[in-house]
Amino acid sequence: MSDRILSRNRSRVIVSLDFPDAKQAVTLCEKLDSSACKLKIGKELFTREGPVLVEQLIAKGFDIFLDLKYHDIPNTVASACRAAADLGVWMLNVHASGGRAMMEAAREAIEQSANSPLLIGVTVLTSLSKEDLGELDINKPVDQQVSLLANLAKRSGLDGVVCSAMEASRLSKELGKEFCLVTPGIRPANTSNDDQKRIMTPTDAINAGSHYLVIGRPITRADDPFAVLDKINSEINSIN
Ligand code: C5P
């Protein structure tokens, strides 16, 4: 992996802060080590708590993936991406279906910031079935649509895409090992699947070509989140 993709702390685990408010998120973060993971802040937490929480966690040393999945006209997305970059986030994302001009504008905007976060595309939401795509008059198989959007993201200057670990091996072959693959749906062996249907263990996901693993409940709901994270880090560090 290139240094740009690998970043400051070398952990490949992104802990998903799926909490309704800052108090619960900060309580969890106090049990984590900022050199042992990164953090993902999504729409609920950001909408409730805003940039203040992002700044607070960055000040504690955490790399932040701001998962707001921007999708709008190029000028609006570019301005939002610039604002996120100026906030100091480590990674942010946009919908690849917003098109080439939107993604290129986002890329250009974050290059103008003193910080240069990784810019990641969202391809086909995993909640969408073939039938759902059909209603949008997208009639190719889901995996082909994922490949099409991931290729467009790469050609538009994005650093990588969010994808299922099940797609990582194929996308890694199609787009090259330097194209960053960020994969949710990860479950350590012998833990609950929760509501995830297609899961992979951390080791299998890294072996399939994932660069970063988004992991929520197995860590956030553990009695000892630090110990679970430590175990996952040891497991994946022993692969390289
Ligand atoms: O708790 P869990 O590990 O299932 O959390 C996974 C995180 O990744 C959640 O924030 C979820 O919304 C997100 N995610 C996902 N599947 C996708 C895209 C994002 O699980 N396809």
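User: What are the ground rules here?
Analyst: The model is predicted: local features need pLDDT of at least 70, side-chain atom pairs count only at pLDDT 80 or more, and totals for chains, interfaces and linings use all residues. Residues are numbered from 1 along each chain as its sequence is written, and side-chain values use heavy atoms, with hydrogens and water left out.

User: How many aromatic pairs?
Analyst: The count is 1 aromatic pair. Rings of Phe, Tyr and Trp (its six-membered ring) pair if their centres lie within 6.5 Å; planes under 30 degrees apart are stacked, over 60 edge-to-face, the rest tilted.

User: Which rings, and why that class?
Analyst: Trp-90 and Tyr-212. Their centres are 5.0 Å apart and their planes at 85°, so the pair is edge-to-face.

User: Is Trp-90 buried or exposed?
Analyst: Trp-90 is buried, at 7% relative accessibility. Buried means under 20% relative accessible area, exposed over 50%, partly exposed in between (1.4 Å probe, protein chains only). Tyr-212 is buried too, at 0%.

User: Switching to H2. Which residues are buried there?
Analyst: In helix H2 (residues 22-29), Ala-22, Ala-25, Val-26, Leu-28 and Cys-29 are buried. Helices (H or I, at least four residues) and strands (E, at least two) are DSSP runs, numbered from the N terminus.

User: What do they pack against?
Analyst: Strand E1 (13-16), strand E2 (38-41), helix H3 (43-59), helix H10 (217-220) and helix H11 (225-237). Contact means heavy atoms within 4.5 Å.
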